[in-house]
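The sequence and the model are shown first.

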Amino acid sequence: MKHSRRQFMASSALLGLFAPWQSVLGQQFNTPWRNWSGGQVCQPAGRFSPASEDDLSSFLRSTAGEIRPVGSGHSFSALVPTDGHLVIIDQLRGLLNHDAELMQATFAAGTRLGDMGSPLARVGQAMLNLPDIDRQTLAGATATATHGTGIAFTCLSGFVTSLRLVTPGGEVIDVSPTSDADLFNAARVSLGALGIVTQMTLQNRTPYKLKAKNWVQPIEEVLETFDESAAKHRHFEMFPLTHSDYALTLAIDETDEDINNPPPSPEDEAAFGEAMAFWATLPPKERLPQINALAEQIEPTEAVDESHKILSNIRNGRFNEMEYSVPLEAGADCLREILRTIIDKEIDVVFPLEYRYVKRDDTWLSMSAGHEDHAAISIHRMAGEDYRPYFDLIEPIFWKYGGRPHWGKVHSLGKVQLEQLYPKFRDFQALRAELDPAGRMLNPHLKKIFLG
Ligand SMILES: Cc1cc2nc3c(=O)[nH]c(=O)nc-3n(C[C@H](O)[C@H](O)[C@H](O)COP(=O)(O)OP(=O)(O)OC[C@H]3O[C@@H](n4cnc5c(N)ncnc54)[C@H](O)[C@@H]3O)c2cc1C
């Protein structure tokens, strides 16, 4: 028997009136949730997408059970998966207001970073920095201390001047350094464990253009002068090729030059992809001369555009990632040991690493929290490949150099180790327990982090 659209809607609404049916249907028919890489999957009991703060507050007041806020699902670690309810704030998005004098702007927290550049430009502002991609939400990115590149720039959470939090009990709190400095420093990097952030105000600046220069250089040469290069350029980083002596190097500086940002040539991209596919067919110990020979042929490129169009990239190939931040002075040795281990252990990986500096900040849980600037080092594996043997082998090298794991990327640490790494970890745990005594925001991954 066929149903008209109207009959179907009517029967769905009727079923919705019966709570028992709702939960049974939720279990049976809810589609699974997956993160960007496909490495994290869950079957939530339901999804809730509030249309307003009131809506969100009533939901939290009138329900019990586990909840996890989700942004755009670009974290590789298991921060989001739940068999309770996912809270999706993608209806809370857009520029809410701005202050032309202070150069600050308030965005609804579900706004994607890539949707902030144009509205900001219209009010004469631009973000200070952006990460490698801009598909993350503002709330999701700051919850994990997402950062870009540059010794003069903290992670994005360091640009937050105030925020609004709806607690697990449904109370709406405006948080700023003057209203409650402790909560402010905890909630700017919250791992989604303190409540649900609905809006954030950011420190910005006047719009500016950037010029990006990419070239290939021997890794050792780049490392020898890395500190000088990082001080000289607004942004400076490198992507060391595995089983090679070379790195792709990137420097970005402010410019008044005319915009000239041609899209990457599909032929060049295809040629690089084919080369990587070819390297992968070679036994790892035979790769070094082949990769060095190809690296030497890569031509330098330049591009000029508005800041937000230069700082972030489009990453089409899916992968999984582990990133640790180590104190600046340990960065080069840590990177060298990882690259040497990849060669010595003949690890079959062609994905380049990433090496960049991030400025310290005063949040409680950012990877650069405290008195030292940090070097962030990332390793990757294509999605679909088993990343565990490679990541398991490299992770202890990060520990040896005092590394702190990126909250949004794969790591294996729990409460005991994290308490050693963060002077304010216990303060965060106490605040979390106060705001969420029933622990409804703790999924298994967060229980391991906060309860052990
Ligand atoms: C291709 C790619 C490139 C990346 N590049 C970088 C990079 O350059 N630098 C870097 O540091 N990281 C980078 N990351 C990591 C990424 O920025 C972080 O994992 C980020 O947290 C993802 O944001 P999201 O919006 O997808 O949030 P999700 O992954 O969905 O969630 C992240 C956390 O935020 C919490 N959360 C979400 N919404 C709210 C809310 N409203 N209130 C409270 N908590 C909330 C979630 O509960 C979770 O704990 C990259 C990731 C990918 C896939």
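Isoleucine 67 stands opposite histidine 85 in strand E5. Strands E4 and E5 (residues 85-88) run parallel and are joined by 4 bridges; two strands count as paired if DSSP finds at least two bridges between them. Helices (H or I, at least four residues) and strands (E, at least two) are DSSP runs, numbered from the N terminus.

The model is predicted: local features need pLDDT of at least 70, side-chain atom pairs count only at pLDDT 80 or more, and totals for chains, interfaces and linings use all residues. Residues are numbered from 1 along each chain as its sequence is written, and side-chain values use heavy atoms, with hydrogens and water left out.

**Two sheets**

E4 and E5 belong to an open, parallel sheet of 3 strands in the order E3-E5-E4. Its edges are strand E3 (46-48) and E4, each of which pairs on one side only.

A further open sheet is antiparallel and holds 8 strands, ordered E14-E11-E13-E12-E16-E17-E15-E18. Because strand E14 (301-306) and strand E18 (404-405) each have a single partner strand, one side of each is left without a neighbour in the sheet. Within this order, strand E15 (residues 319-327) and strand E17 (residues 374-382) are antiparallel and share 9 bridges. Helix H13 (residues 388-400) packs on the sheet and touches E15 and E17, contact meaning heavy atoms within 4.5 Å. The direction of H13 makes about 10 degrees with that of E15; axes are lines fitted to C-alpha atoms, for helices over the stretch in contact, and angles run from 0 to 180 degrees between N-to-C directions. Methionine 322 has isoleucine 379 of E17 as its bridge partner.

| Strand pair | Sense | Bridges |
|---|---|---|
| E4 and E5 | parallel | 4 bridges |
| E15 and E17 | antiparallel | 9 bridges |

**Domains and their contact**

An automatic or database domain assignment supplies the bounds: domain 1 (5-86), domain 2 (95-206) and domain 3 (209-405).

The interface of domain 1 and domain 2 has 1 salt bridge, defined as a side-chain nitrogen of Lys or Arg within 4 Å of a carboxyl oxygen of Asp or Glu. Arginine 164 forms a salt bridge with glutamate 53, with the closest N and O atoms 2.9 Å apart.
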